[in-house]
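Colleague: I'm new to reading structures and could use a guided tour. Could you walk me through a few features, one at a time?

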Amino acid sequence: MKSTTNPSDIQPTGDRPVAIKSASPPRQRVLCLAMAALAGFATSAQAAIPVGASGSGTLTFDSAPAATEWSMLSVSGGAGDVTADAGLDSAMISIVASGITGSLATQAGSGTNGSAYWRSSDQKLGTQPTGNKMTLLMATLQNTSGGTIDGLTVTYTLGLPTVTPAEEIKGHRIYWSNTGATGSWTAAGDHLLAATGSTSIAMDLTSLAWGDGETLYLIWADDNGSNPDGDYTIDDVSFTKTAAQAKILTFGLPGMPSVIAGTSLTMYVPTGTDVTSLGPDFTLSDGATCYQTDPRLPPLLRW
Ligand SMILES: [Ca+2]
Ligand SMILES: [Ca+2]
């Protein structure tokens, strides 16, 4: 066994044999190493894109993003392996977020690349797959809002700077997952651009049950379809808690609740009831306000 000796551990001993202490690291040093490891863990856990009560703000990619926020994976395969949504959905089943760790490549602008890349000339993110089955661009988000987020509105600008694509899926198919585990990815639709230019995208992710402090993963998947593949860009990305939908949760008279189905509300009262003197009880969802005082309505519907 090889042992190492710190010079300070060698004692001047005259005629006596030199005393050498254990080669094990001093306990204090072990403690420091443990603290450093913990500090590193805390740093990486907080390095996802924070989504607070007012959202993430607009991400403009003025510089290449950290891989803890935006990362990529080039999925092995070849052009034409995947040319339809069903193929992408199938390929996504075996994907795990912890395997999508690659830093984005950097290149000036458009050009095929197995990696998703940051475009230094116009400060956008780009995908234009080659030499693989598909390129995955992943955003790692952390809920820092202080409460559960059930709906997330995602907005961004999708661009197609130079190439008129001939491939089948002309853009990205988006997936999300709370866990990043295999088989956990929910497709959130395709966002496409068939002609050069740009378009604004807005989509709502629903039923997330995204707890405070927890992670959420979003993937922009670009298949390596039939040539040429589009030089797609995304920019000015924002993630915002979706405004609560205003709803009447309950409505009725004492002992006589109404039936609420969609936008329809039905209530029965005994024949001959003088409705002019009755006042309804109701409960509203977050985001709903009661202000109905239109005098043209019957008294029952005014309050
Ligand atoms: Ca930009
Ligand atoms: Ca493609």
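This is a predicted model: local features need pLDDT of at least 70, side-chain atom pairs count only at pLDDT 80 or more; totals for chains, interfaces and linings use all residues.

Colleague: Okay, which strands pair with β12?

Modeller: General idea first: strands are DSSP runs of E with at least two residues, numbered from the N terminus, and two of them pair if DSSP finds at least two bridges between them. Here, β7 (residues 134–143) pairs with β12 in the antiparallel sense over nine bridges. For instance, Met138 has Ile219 in β12 as its bridge partner. β9 (residues 171–177) also pairs with β12, antiparallel again, over five bridges. There, Ser177 has Tyr217 in β12 as its bridge partner.

Colleague: And is β12 enclosed or open to the outside?

Modeller: For that you count neighbours. A residue is buried if 20 or more other C-beta atoms lie within 10 Å of its own, exposed if 12 or fewer, and partly exposed in between, with C-beta atoms placed from the backbone. In β12, eight of the nine residues are buried, so the strand is largely enclosed by the rest of the structure.

Colleague: What order do the strands take in the open sheet?

Modeller: It's a three-stranded one with the order β15-β14-β18, and the pairing is antiparallel. β15 (256–257) and β18 (281–284) each have a single partner strand, so they stand at the edges, with one side of each left without a neighbour in the sheet. Two bridges join β14 (residues 248–253) to β15, and Gly252 stands opposite Pro257 in β15.

Colleague: Which residues other than glycine have a positive phi?

Modeller: Phi is a backbone angle you can look up for each residue. Gln123 is one case, with phi near 55 degrees. Gln123 sits in the loop between β5 (113–119) and β6 (124–128), and its 15 C-beta neighbours inside 10 Å make it partly exposed. Asp236 is another, at about 50 degrees. Asp236 belongs to strand β13, and with 15 C-beta neighbours inside 10 Å it also counts as partly exposed.

Colleague: Last one: where is the cis peptide bond?

Modeller: Look at omega for this one. The cis bond joins Asn227 and Pro228, with omega about -5 degrees. Pro228 lies in the loop between β12 (215–223) and β13 (232–241).

Definitions and conventions
Residues are numbered from 1 along each chain as its sequence is written. Chains are lettered from A and ligands numbered from 1 in the order in which they are written. Helices (H or I, at least four residues) and strands (E, at least two) are DSSP runs, numbered from the N terminus.
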